[in-house]
Amino acid sequence: MDAAQETPGMMAEETLDPSDWADVQALSHRIVDDAVGYLSDVRDRPVWREMPGEVREFFTAPLPRSPSPLAAVYGDVARNLMSYPMGNTHPRFWSWYMGSSNFTGALGDFLAAIQGSNLGGGNHAAGLMDSQVVDWCKQMLGFPASASGTLVSGGSMANIIGLTVARNVKADIDVREHGVAAIEKPLRFYGSDQLHACHRKAMEALGLGNRALCRIPTDAGLRIDLDALRAAIAEDRAAGLKPACIIGTAGTVNTGAIDDLRALAKLAHEENLWFHVDGCIGALIAIAPQNAHRVAGIEWADSVALDPHKWLHAPFEVGCALVRDGAAHRKTFAVTPEYLESTPRGLASGQWLHDYGLQTTRGFRALKVWMALKEHGVEKFGRLIDQNIAQAGYLTGLIEAEPRLELAALPTINIVCFRYQPGLAGEALKALNTEIMLRLQEQGIAALSDTTVHGEHWLRMAITNHRTRRGDIDLLVRETVRLGCEIAAEGLASSSGPAPS
Ligand SMILES: *Cc1c(COP(=O)(O)O)cnc(C)c1O
């Protein structure tokens with residue numbers, strides 16, 4: 001008997017644990033059964049659907065003050081949440097650029113939360129696994145074992161980690177102690193005009209400002225123009241600025257273009273600049289046998305950002321930053337003085353993983369990646385990347401064979417930009433294609449996004465999806481043409497209003 005419960009006048013102590021574990025166990029089994037059904041039937045549901053008013057209303061309910069049975073809580077979630085997903089686990093989701101998750105990874109997230117370890121560091125098995133997954137990322141990219149790395153929330157944070165080390169190494173002063181205002185010659189970073197927006201945010205957060213990021217024009221294939229880059233570096237040096245870092249992109253978000261990484265590595269070496277690669281899309285192509293040659297040179301980078309929640313399909317969130325010079329990486333973030341690093345034995349005798357990034361408490365992101373890699377083996381993930389690139393090639397063939405569809409350019413990897421073209425131009429063409437995209441989404445057929453390439457509007461399809469089959473691509477082409485004809489026949493009368501059903 002609990003002493004507190006026996007002593008009159010004393011409150012019984014509480015816990016978040018259930019009073020009856022058997023109830024929770026039965027409900028948990030049901031949740032797992034539902035989860036298996038949810039993923040195995042995903043193809044039969046619409047990719048996406050608009051939420052009705054009562055669902056939106058549900059999410060405005062105020063802070064709950066009194067308890068509800070867990071079964072009722074789960075009922076709310078099943079009804080109001082699970083039915084209205086973003087859709088990226090569906091075989092016909094091809095918007096923006098994201099992975100399609102996987103069940104094993106979801107089990108990994110569950111078990112990580114059950115074990116509950118804090119990956120800020122310490123001497124425990126999750127810490128070893130976290131380091132092991134970083135080591136596996138190095139091995140996938142051909143990085144030396146002596147490099148360091150850290151798992152972060154995603155590619156944006158992974159880029160910030162790499163660019164922060166670049167800034168501190170190239171600043172010539174102790175930026176951590178004196179701040180960016182003490183830097184004598186303003187630092188300059190270079191990337192193509194196709195750089196992901198996270199680099200702008202990084203420059204702003206690093207105190208260097210957006211203008212310190214020089215956007216170099218791209219060639220017809222949307223790769224960074226090397227001559228223009230060389231000229232910009234020379235000009236900046238002559239003007240008294242300090243060129244510090246070249247950011248190469250392995251797979252741009254617009255079209256999947258891959259900069260010439262070998263040439264950039266060589267140029268950075270000659271000019272004594274840091275070479276960072278944004279490999280959020282394409283770094284993992286290094287494991288794909290048919291396409292790995294496209295990212296040759298990535299292993300020469302000083303730092304790389306990669307994104308296991310994209311082409312490894314890990315459940316969000318997990319990104320990874322790798323830094324060739326592990327000491328420079330640690331020196332950029334460590335606040336634990338070397339002599340206090342750890343105790344010789346016990347819980348604090350492990351590595352302080354928080355010394356490699358900005359977070360103190362860190363979630364256990366490694367397990368979902370580890371379990372799926374172990375289950376399938378890295379070769380299968382490589383084949384799945386090749387498969388998506390082949391599917392983009394298949395789509396390209398269908399577009400070329402369909403006179404009403406127009407291709408922006410031959411795709412490099414898995415991103416295809418195209419449009420329905422009934423002989424229109426400018427805003428009318430854009431309005432028509434936007435309406436096609438919206439009806440594909442609203443009718444639950446497929447999720448595409450759109451973009452502007454060299455001033456022209458295109459529908460954009462990024463096939464980062466292990467569930468997509470060629471038949472899904474056939475269907476997309478058929479439905480795009482059907483909707484294009486339908487909307488053109490309406491004379492675009494409804495383009496600004498809701499789609500007629
Ligand atoms: C997705 C992406 C990012 C950002 O990664 P997140 O995981 O979304 O934070 C950065 N660069 C490129 C090229 C990307 O495709």
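Trp-96 sits in the loop between α4 (70-80) and α5 (103-115). This is a predicted model, and in it the phi angle of Trp-96 is near 45°, a positive value in a residue other than glycine. With a relative accessible area of 46%, Trp-96 counts as partly exposed.

Asn-272 belongs to the loop between α11 and β5 (274-279). Its relative accessible area of 56% makes Asn-272 exposed, because the class begins over 50%.

One more backbone detail is worth a look on your screen: the peptide bond that leads from Phe-316 to Glu-317 is cis, with omega near 0°. Glu-317 is placed in the loop between α12 (308-311) and β7 (319-323).

Now to the helix packing.

| Helix pair | Angle between axes | Distance of axes |
|---|---|---|
| α10 (residues 226-238) and α11 (residues 261-271) | about 20° | 11 Å |
| α16 (residues 426-442) and α17 (residues 470-489) | roughly 125° | within 9 Å |

How do α10 and α11 lie to each other, roughly parallel or roughly antiparallel? Their axes pack at an angle of about 20°, and angles under 35 degrees count as roughly parallel, so α10 is roughly parallel to α11. The crossing of α10 past α11 is right-handed. On the α10 side, Leu-226, Leu-229, Arg-230, Ile-233 and Arg-237 take part, and they meet Ala-263, Leu-264, Leu-267 and Glu-271 of α11. Sorted by class, this contact of α10 with α11 holds six nonpolar and three charged residues, with no polar ones.

The pair α16 and α17 has its axes crossing at roughly 125°, and the two helices are therefore oblique to each other. Here too the crossing is right-handed, with α16 passing α17. From α16 come Leu-432, Glu-435, Ile-436, Arg-439 and Leu-440, while α17 brings Leu-476, Glu-479, Thr-480, Leu-483, Gly-484, Glu-486, Ile-487 and Ala-488. Seven of the residues in the contact of α16 with α17 are nonpolar, two are polar and four are charged.

Next, the aromatic rings. A pair of aromatic rings is described by the distance of the centres and the angle of the planes. The structure holds three aromatic pairs. One of them joins Phe-58 and Phe-59, with 5.1 Å from centre to centre and 85° between the planes, an edge-to-face arrangement. Phe-58 is partly exposed at 32% relative accessibility, and Phe-59 is likewise partly exposed, at 47%.

Another pair is made by Trp-136 and Trp-370: the ring centres are 5.9 Å apart and the planes meet at 15°, so this pair is stacked. Which parts of the chain does the pair tie together? Trp-136 lies in helix α6 (residues 125-141) and Trp-370 in helix α14 (residues 366-376), so the pair links parts that are 234 residues apart in sequence. Are these two tryptophans buried or exposed? Both Trp-136 and Trp-370 are buried.

Finally, Arg-383 is found in helix α15 (residues 378-401). A relative accessible area of 49% makes Arg-383 partly exposed. Arg-383 and Ile-287 are separated by 96 residues in sequence, and their C-alpha atoms are 8.3 Å apart in space.

Note on methods. Residues are numbered from 1 along each chain as its sequence is written. This is a predicted model: local features need pLDDT of at least 70, side-chain atom pairs count only at pLDDT 80 or more; totals for chains, interfaces and linings use all residues. Side-chain values use heavy atoms; hydrogens and water are left out. Axes are lines fitted to C-alpha atoms, for helices over the stretch in contact, and angles run from 0 to 180 degrees between N-to-C directions. Helices (H or I, at least four residues) and strands (E, at least two) are DSSP runs, numbered from the N terminus. Angles under 35 degrees count as roughly parallel, over 145 as roughly antiparallel, 65 to 115 as roughly perpendicular and the rest as oblique. A crossing is left-handed if the near helix is turned anticlockwise from the far one by less than a right angle, and right-handed if clockwise. Contact means heavy atoms within 4.5 Å. Ala, Val, Leu, Ile, Met, Phe, Trp, Tyr, Cys and Pro count as nonpolar, Asp, Glu, Lys and Arg as charged, and the others, Gly among them, as polar. Rings of Phe, Tyr and Trp (its six-membered ring) pair if their centres lie within 6.5 Å; planes under 30 degrees apart count as stacked, over 60 as edge-to-face and the rest as tilted. Buried means under 20% relative accessible area, exposed over 50%, partly exposed in between (1.4 Å probe, protein chains only).
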